[in-house]
Amino acid sequence: MSALTNPSSLLLRNSENLKADSILVVNFVQDGFLSQLQQLNPNSKISAFSYNHANGEFAKNIKGIDVCVSHEITAKHFDLVIYYYPKAKPEALMTLDNIRAVINPDAELLVVGENKSGVKSIEKQFSSHCEYSNKIDSARHCALYLFTEIAKLSEFVITRYHKQFSVDVAGMSFSAISVPGVFNHGELDGGTKILLENAPIIKSGNVLDFGCGAGLIATFLGLKNPALNFTCTDVSALAAYATEQTLALNNISGKAILSDGLANVTGKFELIISNPPFHTGIATDYTVAEQFLSGAKQHLTKQGKLTIVANCFLKYPPILETQFGTYQTVHKTNKFTVYSS
């Protein structure tokens, strides 16, 4: 039995609110909550939705739960929606609109989150969309809210949330499309900018853009050289969707796939290029980057290259040395370093 996170514990101690015929859990986490919800509702239809592919893979192992990983919720007719509040407010507002388009007329909505995620602003954000809201519990730095008599939305159209923006970097200009919840939504981040200014010149072949975000790296390289073919991967369905929009907008040949690390990546590449994700909490988490770097080598052709950008404080050189034997520091500022192997 997986341990419970604090938001899940708070939900389960309000188990009388967790019963309905048709339940949707949105933005769930990798813990024991879905299994326990199932035990509370043995005869109900329970669906679990996430934008995150890794969370989806986790939930697929739980019997009796319909799991969907996508950029939008399309299944309908839910009596109860349980929403784990995300860190990004624009994402929350978009998801709440999506939820309003898929619920039954008398549905209830429970929103749970850690106080530091900004969940306390949910009542204000949602007050114009429902008749009744109530903070029903709080503990362990988390809060739980109940909303009823919710105004339904006739349909959810994700294109309304597209943010088109222009990218100007290294003598190139192009337009890109992002949606809420995508890394650095609606702008070129500093690390990727330095990576593109120091990107290797490659004549032809296959390129892997790992952790693709809104597809800026692939689009930049593809506009410079139309002979390249791109595979873009991300763990986020919102990022994969945004990348597809950006590639299409710029007529770039490529596809976006959902993958937890390199798990769903096949084939070999002339270039693997990335601004790899890392998490800084109390401790810096290298897991994703380490797994990526240790797996990257087997996806490179004999002459293939790996080029990444990283915050200067991240200790990538020893990892690169272990995996590739040697590496070059292509460019360094006081904030970022571009490495090549």
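Two strands count as paired if DSSP finds at least two bridges between them, and strands (E, at least two residues) and helices (H or I, at least four residues) are DSSP runs numbered from the N terminus. The model is predicted, so local features need pLDDT of at least 70 and side-chain atom pairs count only at pLDDT 80 or more, while totals for chains, interfaces and linings use all residues. Residues are numbered from 1 along each chain as its sequence is written, and side-chain values use heavy atoms, with hydrogens and water left out.

**View 1. The open sheet and the pairing of β1 with β4.** Isoleucine 23 has leucine 80 of β4 as its bridge partner, and strands β1 (residues 22-26) and β4 (residues 78-84) pair in the parallel sense over four bridges. Seven strands form the open sheet, in the order β3-β2-β1-β4-β5-β7-β6 and with mixed pairing. Its edges are β3 (65-69) and β6 (130-139), each of which pairs on one side only, and the twist from one strand to the next averages 20°.

**View 2. Two helices lying across the sheet.** Helix α2 (residues 33-40) lies across β1, β2 (45-50), β3 and β4 and runs at about 170° to β1, where axes are lines fitted to C-alpha atoms, for helices over the stretch in contact, and angles run from 0 to 180 degrees between N-to-C directions. Helix α4 (residues 89-100) lies across β1, β4, β5 (103-114) and β7 (142-150), at about 170° to β4.

**View 3. The nonpolar cores.** A nonpolar core is a set of buried Ala, Val, Leu, Ile, Met, Phe, Trp, Tyr and Cys residues joined through side-chain atoms within 4.5 Å, with buried meaning under 20% relative accessible area (1.4 Å probe, protein chains only). Among the 67 residues of the largest such core, Ile99, Leu109, Ile122, Phe147 and Leu221 touch the most other members. Helix α8 (residues 237-249) gives the most to this core, with six residues. A second, separate core of 24 residues includes Leu11, Ile23, Ile46 and Leu80.

**View 4. Surroundings of phenylalanine 147.** Beyond its neighbours within four places in sequence, phenylalanine 147 is in contact (heavy atoms within 4.5 Å) with residues including Leu109, Val111, Ile122, Phe126 and Tyr132.

**View 5. Helix α8 and its ends.** The buried residues of α8, among them Leu238, Tyr241 and Leu247, pack against β3, α4, β9 (172-178), α7 (216-224), β11 (228-234) and β12 (254-258). At the start of α8, a side-chain oxygen of serine 236 reaches to within 3.1 Å of the backbone nitrogen of leucine 238, and just after the helix asparagine 251 takes a positive phi of about 55°.

Conventions. Buried means under 20% relative accessible area, exposed over 50%, partly exposed in between (1.4 Å probe, protein chains only). A polar contact is a pair of N or O atoms within 3.5 Å; within protein, one must be able to donate a hydrogen and the other to accept it, and residues adjacent in sequence count only if both atoms are side-chain atoms.
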